[in-house]
Amino acid sequence: MTQAPRVYGTEHDLPASGPQPGRNYRELTGGPLDGQLIDVTGWTDEEITTGAYLITLHSMYGQSTL
């Protein structure tokens, strides 16, 4: 069985931790969040193209590529 990528900010052991219908996602690349999805529903085009700064439990990283 292939598992859908995990959505950033969800608990890994919850049944609904994958992408949800009606939401828009981008894949994170680089660092400990590589491969996870971030929900960008409601973000402007400018917010999506300029990136996001995310603070993780592992460390603080600069701008992730969306």
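## Salt bridge

A salt bridge is here a side-chain nitrogen of Lys or Arg within 4 Å of a carboxyl oxygen of Asp or Glu. By that criterion, a search of the whole structure finds one salt bridge. Arg23 pairs with Asp39 in a salt bridge, and their closest N and O atoms are 2.8 Å apart. The two partners come from distant parts of the chain, with Arg23 in the segment before strand 1 and Asp39 in strand 2, 16 residues apart.

Both partners can also be placed on a scale of burial, on which buried means under 20% relative accessible area, exposed over 50%, and partly exposed in between (1.4 Å probe, protein chains only). Arg23 is partly exposed, with a relative accessible area of 40%, and Asp39 also counts as partly exposed, at 23% relative accessibility.

## Basis of the model

The model is predicted, so that local features need pLDDT of at least 70 and side-chain atom pairs count only at pLDDT 80 or more, whereas totals for chains, interfaces and linings use all residues. Residues are numbered from 1 along each chain as its sequence is written, and side-chain values use heavy atoms, with hydrogens and water left out.

## Chain overview

Helices (H or I, at least four residues) and strands (E, at least two) are DSSP runs, numbered from the N terminus. The chain holds one helix and four strands, which follow the pattern β-β-α-β-β when read along the sequence.

Of the 66 residues of the chain, 23% count as buried. The accessible surface, computed by the Shrake-Rupley method with a 1.4 Å probe, comes to about 4900 Å² for the chain, and 52% of that area belongs to carbon and sulfur atoms. If contact is taken to mean heavy atoms within 4.5 Å, then among contacts in the chain between residues at least 6 apart in sequence, 30% join residues at least 24 apart.

## Gln36 and its surroundings

Gln36 lies in the loop between strand 1 (25-27) and strand 2 (37-39), and, with a relative accessible area of 12%, Gln36 is buried. When residues up to four places away in sequence are not counted, Gln36 touches Arg6, Val7, Tyr8, Arg26, Glu27 and Leu28.

One of these neighbours, Arg26, belongs to strand 1 and is partly exposed, with a relative accessible area of 34%. Arg26 and Gln36 are 10 residues apart in sequence, and their C-alpha atoms are 8.5 Å apart in space.
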